[in-house]
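This report describes the fold of a chain and the way a second chain touches it. Please read it alongside the coordinates.

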Amino acid sequence: MVDLSSARQQQVLAPTPLLKQLPPAARLVLRGRSQVLAAAADALGLPRSETPCRAVRSDVRAALWLGPDERLLLGSADAAAEMHGLLQRALAGMAHSLVDIGHGQVGFEVSGARAALALNTGCPLDLDPASFPPDMCTRTVFAKAQILLWRTGATTFRLETARSFAPYVTQILALAGRES
Amino acid sequence: MLLIECPYCGVRPELEFVYGGQAHVARPHDPAACSDEQWAEFLYWRENAKGVHAERWRHTHGCGRFFNALRDTTRDQFLATYRVGERPPAASSREREPQP
């Protein structure tokens, strides 16, 4: 007997031009007052930024604004220990919280002319470039899951979600990509 | 969808927020000195306003911050939002929207 459920699942999970899983990355959540965030930016070679919902980046690292006292620091997977060491030295003696969530989340790239349309099937934010310009990043919702959405280019988004939510998010996005 | 203005992130859809109860409920400085009635009033008694109500909200699926809001409970309309620690906007600005 043909197992239709698995056949359908494979079809949904097939890679699409819309959605691509990103390689593992270093992800650190830093919380602290503005002098902590400024010292961390200096230590990682990133520009200081207090602008809400905006990401700053260098060639290899990025700092994403999550809240007024909260940043997500991204880097390549093999640089996690190095970033951790740099931050611990720079922030010694300052009250802060530094948590490695590198294995807890997975990242995806959603790209193409219809990327915003596909994301809007589950995300109610206005993704027009006028109100969600490149470099804007925010936590938000996608259907029933919490995601982090970062517009890395005019038609490119980086989407991060908890590892356990990844199949849910990707299957809805893959369906949306076929329909839109 | 109802839009709520987060004082940090700007106007966002209602889905990203959770309600956090009445705002400006001050905890007594010395709970041991309170009578049972005073303590019960702090713990349990809340306004049930018909009209403008000051309440706490949290931008859970966003910046994660608590903030305060003035909401008209009869129309479910947000009149103002402001950060924790700030005073509520003056009464004159509460009725900036025309009555339907």
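## Basis of the description

Two strands are taken to pair if DSSP finds at least two bridges between them, and the elements themselves are DSSP runs numbered from the N terminus, with helices (H or I) of at least four residues and strands (E) of at least two. This is a predicted model, in which local features need pLDDT of at least 70 and side-chain atom pairs count only at pLDDT 80 or more, whereas totals for chains, interfaces and linings use all residues. Residues are numbered from 1 along each chain as its sequence is written, while chains are lettered from A and ligands numbered from 1 in the order in which they are written.

## Overall form of chain A

Chain A contains 5 helices and 10 strands, and its C-alpha trace spans about 65 × 40 × 25 Å along the principal axes.

In chain A, 5 strands form an open antiparallel sheet in the order 3-4-5-2-6. Its edge strands are strand 3 (55-57) and strand 6 (96-100), each of which pairs on one side only. Within the sheet, strand 2 (residues 25-32) and strand 5 (residues 70-76) of chain A run antiparallel and are joined by 7 bridges, and A:Val29 stands opposite A:Leu72 in strand 5.

Helix 2 (residues 34-44) of chain A lies across strand 2, strand 4, strand 5 and strand 6, running at about 150° to strand 2. Helix 3 (residues 80-90) of chain A lies across strand 2, strand 5 and strand 6, and runs at about 20° to strand 2. For these angles, axes are lines fitted to C-alpha atoms, for helices over the stretch in contact, and values run from 0 to 180 degrees between N-to-C directions.

## The sheet 1-7-10-9-8

Another set of 5 strands in chain A forms an open antiparallel sheet in the order 1-7-10-9-8, with strand 1 (19-21) and strand 8 at the edges. Strand 1 is joined to strand 7 (residues 105-111) of chain A by 3 bridges, and A:Gln21 stands opposite A:Phe108 in strand 7. Helix 5 (residues 166-179) of chain A lies across strand 1, strand 7, strand 8, strand 9 (145-153) and strand 10 (156-162), running at about 155° to strand 1.

## Contact with chain B

How many residues of chain A are in contact with chain B? There are 13, and they meet 11 residues of chain B. Strand 4 (62-67) and strand 8 (137-142) of chain A each supply at least two residues of this side, and strand 8 gives the most, with 4 residues.

From chain B, B:Leu15 touches A:Pro124 and A:Val141. B:Leu15 lies in the loop between strand 2 (10-13) and strand 3 (18-22) of chain B, and is partly exposed, with 17 other C-beta atoms within 10 Å.

Key: Contact = placed C-beta atoms within 7 Å. Buried ≥ 20, exposed ≤ 12 C-beta atoms within 10 Å, placed from the backbone. Lists of a residue's contacts leave out its neighbours within four places in sequence.
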